[in-house]
Amino acid sequence: MTQIRTRAGAGEAERDTGAAADAPGVATPTTPPAVASRRPGVRPATVGLPLLGLVIAVTVWWLVTSGLKLVHPASLPPPQDVWAALTAAAGVLLPALGITTLMTLLGFVLSAAAGVLIGMALAASRRAERMFAPLLVAINAVPKIALGPLLVVSVGWGEKPILTMVFLLCFFPIVLSTATGLTTTPADLAELARSLNASWWQAFRKVRFPAALPQIFVGLKVAMPLAAIGAVIGEFYSDKPGLGYQILQYNGIGDTATAWAAIVLIAAMSILLYAALSLVERLALPWVRATTSAR
């Protein structure tokens, strides 16, 4: 009798729901806004807003240099002069951009690999963290530009001083983010691993490291612009004809417009590399956007 009444009640509820849906003026349930807002595809604002910001920045640059003439062109050339210099020296600056990009990526990959391994070691042993964390802080506090001339003496010319400079600038935020992510595993996930009698390696591979990946990517995204800075500083003290080398050469002959064109290329390269890393994060960690609040 209970099952019959339950089915009858369910049938009446379905008829009531259908009648309410057919009745005029009654809203039917729709897809929640949070789910509808996460449809795949590139939204116009994703491209339009950065372009609008670029237009505003260039406009302010033009007003300061040409419109209001608040800055002398020798210090900061107007954007039209920089564009003319970029097109005129493209045969030199574009190959230099390739060299700087390659050095940035190589140094970043080395820093990421070493930083993640060091962070894992610090997270695995509290004694190792207490022993080496002050040393890492001291190394990070040293002004890197002061090490440039010493690197030439220590490691010689070529790629080594550039990669060393990139490594010194990048590794600390990666180490810090990795150690922080591995030592702040959510309590419910850690308890789940213990309840399943998982070994240390199983808990690390299945729970701790995946839970730390969002924090690790934060450190990687902080380190990516620093890698470009390190590559340029290293090229100041190297014979590799990258953009840093070209900045010194053109500034030495008083061609500030071309030197600023090289700086603009460095900025564009950094933006593209950061965007590529953000895309890798979204593809590698699809659950992060699904489990966090949308913006």
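Predicted model: local features only at pLDDT ≥ 70, side-chain atom pairs only at ≥ 80, totals over all residues.
Starting with the overall picture, the chain is helical in its secondary structure, with 13 helices and zero strands. Read from the N terminus, the order of elements is simply α-α-α-α-α-α-α-α-α-α-α-α-α. The chain has 295 residues, and 33% of them count as buried. Take the contacts between residues at least 6 apart in sequence: 74% of these join residues at least 24 apart.

Salt bridges come next, and the count is two. One of them pairs Glu159 with Lys240, with 3.8 Å between the closest N and O atoms. Glu159 sits in the loop between α7 (148-155) and α8 (160-183), while Lys240 sits in the loop between α10 and α11, so this bridge ties together parts that are 81 residues apart in sequence. Both partners fall into the middle class of accessibility: Glu159 is partly exposed at 36%, and Lys240 is partly exposed at 23%. The other pairing brings together the side chains of Glu281 and Lys221, at 2.9 Å from N to O. Here the link runs from helix to helix, because Glu281 belongs to α12 and Lys221 to α10; the pair ties together parts that are 60 residues apart in sequence. Glu281 is buried, its relative accessible area being 15%, and Lys221 also counts as buried, at 19%. With the cut-off for buried set at under 20%, Lys221 at 19% falls on the buried side.

The loop that holds Lys240 also holds Ser238, between α10 (200-236) and α11 (243-252). Ser238 is buried, with a relative accessible area of 4%. What does Ser238 touch, leaving aside residues up to four places away in sequence? The list is Trp157, Gly158, Pro161, Ile162 and Tyr245.

Gly115, in helix α5 (residues 90-124), is another buried position, with a relative accessibility of 0%. Setting aside residues up to four places away in sequence, Gly115 touches Phe171, Ile174, Val175 and Thr178. A further spacing concerns Phe167, which is 52 residues from Gly115 along the chain; the C-alpha atoms of the two are separated by 9.2 Å.

Finally, there is the second largest pocket, which holds about 610 Å³ of space. Its lining is made of 19 residues, and the closest to the pocket centre are Leu54, Val58, Val264, Ala268 and Ile271. Three helices, α3, α4 (79-88) and α12 (256-284), are the elements that give two or more residues to this lining. Which element gives the largest share of the lining of the second largest pocket? That is α3, with eight residues.

Val58, one of the residues closest to the pocket centre, lies in helix α3 (residues 44-67). Val58 counts as partly exposed, at 35% relative accessibility. Together with Val47, Leu51 and Leu54, Val58 makes a nonpolar surface patch of about 340 Å².

Note on methods
Residues numbered from 1 in each chain as written. Heavy atoms only, no water. Helix = DSSP H or I, 4+ residues; strand = E, 2+ residues; numbered from the N terminus. Buried < 20%, exposed > 50% of the residue type's maximum accessible area, 1.4 Å probe, protein only. Contact = heavy atoms within 4.5 Å. Patch = residues over 30% accessible without salt bridge, like charges linked within 9 Å, V, L, I, M, F, W, Y side chains within 5 Å. Areas by Shrake-Rupley, 256 points an atom, 1.4 Å probe, with all protein chains shown as cover. Salt bridge = Lys/Arg side-chain N within 4 Å of Asp/Glu carboxyl O. 1 Å grid on protein atoms, 1.4 Å probe; cavity = no way out; pocket = protein on both sides within 12 Å on 5 of 7 lines; lining within 4 Å. Points joined across faces, edges and corners; volume = space filled by probe spheres on them.
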